[in-house]
Amino acid sequence: MAYKIYKVNEEFKDIVPEEVVELEEKATWGNPKRGVMDLPVTKELLEEHSLCAGCPESAAIRYILASLPNPEDTIIVNSTGCTSLVFPHISLHTVHSLFGNQNSVASGIKRVLEWRFPDKAKDVVVLAGDGATVDIGLDYTLQSFFRQEKITTICFDNEVYANTGGQESGLTPKGHVFKMAPKGKLFDKVPMWQLAIDSGCHYVARLTVSSPKKVERVIKEAIYVARELGPTYIHLYTPCILEIGLNSDDGLDEMRSRDKERFAFFEYKTPHAEEVIAKYKAEGLL
Amino acid sequence: MRMIENKVEKNWAGQRIVSPDYLLFEAPREKHFMTGSEAVKEAVKRASVDASVSYPITPQSEAAHLIGELWAEGYVGVYFRGENEFGVMSEVAGAAMAGARVITTTSGPGTLRAFENFPMWSGTRIPVQLVLMARGVNSPLSIQPDNLEVDFLLDTGCMIWYAENVQELFDMILAGFAVAEQPDVHVPVITAVDGFFVSHTREAIYLPPDDIALPPYAPYKSPMPVIDAEIPPGRFLRDPFVMKSNYISYATHASWQWEVRSAIERSRPYAKHYLKGLTEEFGEKDSEVVFIACGTAASQAKEAVRMLEETEGIKSKVVKLKTIRPFPYEEILEATKNAKYIFIPEFNVVGWLEREVRKALYKKSDAEIIGTPRVAGGMTMPKEIIVREVLEYIK
């Protein structure tokens, strides 16, 4: 366990920022049973978020960070977009390098950590938006699946390039009008969850973040399967309330309404993944 | 944990760990005969390399294959073929961030495809080594030697070294790690050679034994936090200046870029030591005719020096540049004190080295600076052409 790196020298505790001291004293370290139910009572690994008020992506990131089974040995790789505004506030090792290369960087990190620390579970998790995962970075996303990299890839699908001002993306549904598609999008939403299955992922899930407990289960299963077998993929609907003209308290309702249609809960597990999940269940970790 | 401290005698491949000085200057050497690609393998074999990612492109493919063989033999820790050069350069970046000594190779269009990564490497302060076997850039399609791509790389914040021949490539790769990994340098190093002329040409080379190797990379000496969750994440990870819109963030970004360039400047004393100088001279010291060149152009200029002496009785000399970044300003100024004519033969159409030399000597030299001959696209540079150009100017 590397969570000792968050221990603050006693003599400096009075001058170290309060939130850093809280990380040592009130965050959940060394406890794989941690989860979203800890959120109200423990120190979160996200200090604050710099997204819009009520942004469902901020909720998704909080649920994910609360659900990591091994935060003290988890590396998070992200990409450019709204998520890169949040990364500065995550207290784990995180990387932002370029737009679209997140799965390549994660592959390099994971392979080297396995080489340097062969006896230690070091989880590598990619968090990126739909533009990064499916448009500019599709090659690198799929190639990391083909290569069977042992990383978990999580796509925040808000169906639009939000951070650059609302342009159509490959995950925009057909017909929706956004910038750069002024006559409406001309082709279908890319079925990324299906591409992930076809490209060799051992665990794939598609869901909204309307149910925190469900997000927790999916995150843990995906991370455990990636640790033991190979690539896993989670596709989350995190609508951009700003770009679809909703109020800041409308995000949850928007997700709930999509739960019944294009983001209906979908899950895929290979037989090997089922075995891994059963093993962790037997250990009481799922 | 597969960390091996410097004091431990052997690396994971069972090679005895020796200092860079011993490996480069003191170890007994034996004569061999091999290509530049094979010399890359011999250097990597003695460099305790943790990771390498490859992608095929002529003329660097063979060097990349041979690094793969070293992985299969247990000398290199991690090795695979990436999806394309953009992916490869990101994969080696991730590997370096996670605490690995990393080497990769590319050429021409591959360099351009990968390009977004190079300033990211230097901005991330990772000491990745890229062996660049320069070739023409499309279009039209060419696989032939041409070093235009080096021009594009000059301002990426990476160190750029240029090896003349197979021997120098071997030594530079080992020196490259020794210099790039200094904590006060810690930026990438691009070790360039001319494709085919060096990569595919078999030459005499003197090699130290292969049961000794460089000390393994010491990741915790890095000026930036290693991304391995073994040390506290750096404050910059929680508060990157780039994503704030205020004056101090702009100033921080600017000073970060200057700091990367300063790191290259701080590499000078180390490079001088491990390369035995940033430049090398050939010919009559006080010559009025001076060639400034790097790579194979320097080899050809040396032949022209001999020919000028023999056939015309004209004394001349070559100042060969081993480093382009850092640029050897002082060395060039000193070497051209008596120069009346400075010729800059190059393997590209734009004359990037001529531009660099002009900048270095502006208002500091009265010599005439002549950017010729220039050949490109795979053309060779016979000594006769160089001599003819010289005679046209000085008679």
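## Helix 2 against helix 8 in chain A

Helix 2 and helix 8 of chain A cross each other in a right-handed sense. This is a predicted model, and here the two helices, with residues 56–67 making up helix 2, pack at an angle of about 50°. Their axes sit 9 Å apart. Angles of 65 to 115 degrees count as roughly perpendicular and those under 35 as roughly parallel, so helix 2 and helix 8 of chain A end up oblique to each other.

Who touches whom? On the helix 2 side of chain A you'll find Tyr63(A), Ile64(A) and Ser67(A). Helix 8 of chain A answers with Pro212(A), Val215(A), Glu216(A), Ile219(A) and Lys220(A). Sorted by class, the residues of this contact come out as 5 nonpolar, 1 polar and 2 charged.

## Helix 8 against helix 10 in chain A

Helix 8 of chain A (residues 212–228) also packs with helix 10 of chain A (residues 271–282), at an angle of about 115° and with the axes 9 Å apart. That angle makes helix 8 of chain A roughly perpendicular to helix 10 of chain A. The crossing of helix 8 of chain A with helix 10 of chain A is right-handed.

From helix 8 of chain A, the contact uses Glu221(A), Tyr224(A), Val225(A) and Glu228(A). Helix 10 of chain A brings Ala273(A), Val276(A), Ile277(A) and Tyr280(A) to meet them. The tally for this contact is 6 nonpolar and 2 charged residues, with no polar ones.

## Where chain A meets chain B

The contact between the chains draws 37 residues from chain A and 37 residues from chain B. On the chain A side, the elements giving two or more residues are strand 1 (74–78), helix 3 (83–86), strand 2 (93–96), helix 4 (102–116) and helix 6 (138–146). Helix 4 of chain A gives the most, with 11 residues.

## A mixed sheet in chain B

Chain B also has an open sheet of 5 strands, ordered 11-13-12-15-16, with mixed pairing. Strand 11 (279–283) and strand 16 (368–370) of chain B are its edges, each pairing on one side only. From one strand to the next, the twist averages 20°. Within chain B, strand 12 (residues 289–293) and strand 13 (residues 316–321) run parallel and are joined by 5 bridges. One pairing to look for has Val290(B) with Lys317(B) as its bridge partner in strand 13 of chain B.

Now for the helices that lie across these strands. Helix 12 of chain B (residues 296–312) lies across strand 11, strand 12 and strand 13 of chain B, running at about 170° to strand 13 of chain B. Helix 14 of chain B (residues 352–361) lies across strand 12, strand 15 (341–343) and strand 16 of chain B, at about 165° to strand 16 of chain B.

Definitions and conventions. Residues are numbered from 1 along each chain as its sequence is written. Chains are lettered from A and ligands numbered from 1 in the order in which they are written. This is a predicted model: local features need pLDDT of at least 70, side-chain atom pairs count only at pLDDT 80 or more; totals for chains, interfaces and linings use all residues. Axes are lines fitted to C-alpha atoms, for helices over the stretch in contact, and angles run from 0 to 180 degrees between N-to-C directions. Helices (H or I, at least four residues) and strands (E, at least two) are DSSP runs, numbered from the N terminus. Angles under 35 degrees count as roughly parallel, over 145 as roughly antiparallel, 65 to 115 as roughly perpendicular and the rest as oblique. A crossing is left-handed if the near helix is turned anticlockwise from the far one by less than a right angle, and right-handed if clockwise. Two residues are in contact if their C-beta atoms, placed from the backbone, lie within 7 Å. Ala, Val, Leu, Ile, Met, Phe, Trp, Tyr, Cys and Pro count as nonpolar, Asp, Glu, Lys and Arg as charged, and the others, Gly among them, as polar. Two strands pair if DSSP finds at least two bridges between them.
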